[in-house]
Amino acid sequence: MNSRLSAAVHGWLLLMPAMLLLVAFTHWPAVASFIESFSSTPRPRRPSRFVGVANYEQMLADPVFWQSLANNLWFALGTIPLAIGLALLMAIWVNDRIPGRTFARMAYFTPTILPMIAVANIWLFFYTPQYGLLEQVASGLGFASHNWLGSRETALAAVALVAVWKESGFFMIFYLAALQGISPTLAEAAALEGASRWTFFRRVQFPLLMPTTLFVLINAVINAFRTVDHIIVMTRGGPDNATSLLLFYIYQVGFNFWDTSYAAALTVVLLAMLAIAALVQYGWLERKVHYR
Amino acid sequence: MYSILVERVSKTWSGTSAVEDVSFTVKAGDLVVLLGPSGCGKSTTLRLIAGLDTPTSGRIVIAGQDVTELPPAKRGIAMVFQSYALFPHLSVGENILFGLKVRKVPRAERDARLAKTAEMLGLKLLLDRRPSQLSGGQQQRVALARAIVAETSVCLMDEPLSNLDAQLRLEMRREIRALQQRLNMTMIYVTHDQVEAMTMADRVILMRGGRIEQNATPAELYDRPGSAFAARFVGTPPMNVIPAQAVAGRDWALPAFGTHVLGDLSIGIRPEAVRLDPAGVPAEIVAAEYLGADTLIETRLGNAPFVARTAGRIGMKAGDTVHLAWSPGDAHWFDRASERRIA
């Protein structure tokens, strides 16, 4: 009994350093945000007090919140399938024995290594009106000038494209690892049966990659609702909130308007949505994707 | 009439040759075993016939059609892989039907063929299971079923039994042989297990270092091995092949042909051909292994290990001296330098 107790103590002592950091910087802030979301923002003359669900009511009536939520859903809908599809395509391509395979793999992975801030600045140049890369190509081909980030219609799509460019290489690595886990004799067996490349992908590779797809999907959803860096660099939520995503709006409310309690309430909603999404994906999809 | 012709086929991987100038034919309805130690080129030869690799030179003909340049699916073959290559996400039934679906065989025919094959291999109750829910032997059956349901005349097998335990292997090799004869399939079967080769094959092609060492029936391979390598590879325990000087001075043991210098020869005697005889060659026992039905006596003769197999138990132990003899007709003579058979 004594030795079991001391083993438990040892275990907890070993967990302690990491646990302390997690509690101090992750768990406690989460709980604190949750508590703060039910209080008013402290002002120099008015200390914080309990306000119940007032912050949440404010949210329901806040058009910018709804706009950000809608933007974020469109952003997710646009980026996730595209990034995953591209990742899969690239992974299958560089999984084959092609000349320059290592170079292609590296090239696809490079955007992942770059900091988002740097990526955003590169794309800012691409999108710049008059002398940006896109503009030069477009005008060279005789198209009219267009301010990609400056107009309501294209701004969200433009920032979404940057996210796809940045993320698909990262997801490709997971697919590549999974593809290499598939025994090459399966491909040979399928080839003997006369299965075309497409049939083999559809009937064998894709189903066997489902666990990876689920994992990537969850990551992609989280990333889509966590995007803020390149919005800050490229558009600051503009024009007219057309590219304001939830996390960016939280940042704005919290650190530009200093309405920290309202920001806390927004954070709680965001976390709740992500938790539900993850639960649905793991709980519902997982039963369909594992074969072993 | 032959069903498969392999003509002067070589395969080189960036400078190193895996298969060198291999030629043989397989008669329709025969089971031919490609036998040899690992790395001898037997699996590569099979993969070349299957079309999974392309030969560097040479020609492969299956059922009268030159298939050297054809993709695997157009060669009219089925194949069983060593790892079975079952699709883990598909049920047993779907695994078996995979090829028929790809080839767009009508549903009614598909179902009929599945039922027939499942019946034949005793898989009827397992059709809805996933491969991971099956034992190794059952997975092996599914792999076999997938090859049989294709109803091709040629079936290739790449060490299909090497992942099974000894008991199951014995059963499966009988079953595969029976199926092959019942369905009149032409089969090429790769193995490194000489027992499988001896028990199953109509012909055995023994390979070594990418070349064919001997192409013979099992009986020929055992009775007249073409080289010292073939002599040692077939039979358990393997044939004793020792320098011929070890029998110098024993007139009864000398070769009947007189043209050779004894120093250039090796003599090969199968352990089961050796008998204990006071007139024989004396040798000291190194170890005696009692197996039940018989005893293996390991001795040294002319500084080389020499094993004799005697019936029952012998009352001797290491250090004792035995006298070994055999009938002259049981001796195999090989050239010592080239290892080829002389008589």
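Student: Which residues of helix 7 of chain A meet helix 10 of chain A?
Tutor: In helix 7 of chain A, E167(A), F171(A), F174(A), Y175(A) and A178(A) meet T212(A), T213(A), F215(A), V216(A), N219(A), A220(A) and N223(A) of helix 10 of chain A (helices are DSSP runs of H or I, at least four residues, numbered from the N terminus; contact means heavy atoms within 4.5 Å). This is a predicted model, where local features need pLDDT of at least 70 and side-chain atom pairs 80 or more, while totals for chains, interfaces and linings use all residues. Residues are numbered from 1 along each chain as written, chains are lettered from A and ligands numbered from 1 in the order written, and side-chain values use heavy atoms, without hydrogens and water.

Student: And at what angle do helix 7 and helix 10 of chain A pack?
Tutor: Helix 7 (residues 152–181) and helix 10 (residues 210–224) of chain A pack at about 160°, and their axes, lines fitted to C-alpha atoms over the stretch in contact, lie 10 Å apart. Helix 7 of chain A is therefore roughly antiparallel to helix 10 of chain A, a word used for angles over 145 degrees.

Student: New topic: is T235(A) buried or exposed?
Tutor: T235(A) counts as buried because its relative accessibility is 13%, the cut-off being under 20% with a 1.4 Å probe and protein chains only. T235(A) lies in the loop between helix 11 (229–234) and helix 12 (246–256) of chain A.

Student: What is T235(A) in contact with?
Tutor: Leaving aside neighbours within four places in sequence, T235(A) is in contact with L149(A), V159(A), H230(A) and T243(A).

Technical notes
Helix = DSSP H or I, 4+ residues; strand = E, 2+ residues; numbered from the N terminus. Buried < 20%, exposed > 50% of the residue type's maximum accessible area, 1.4 Å probe, protein only. Axes fitted to C-alpha atoms, helices over the stretch in contact; angles between N-to-C directions. Parallel < 35°, antiparallel > 145°, perpendicular 65-115°, else oblique.
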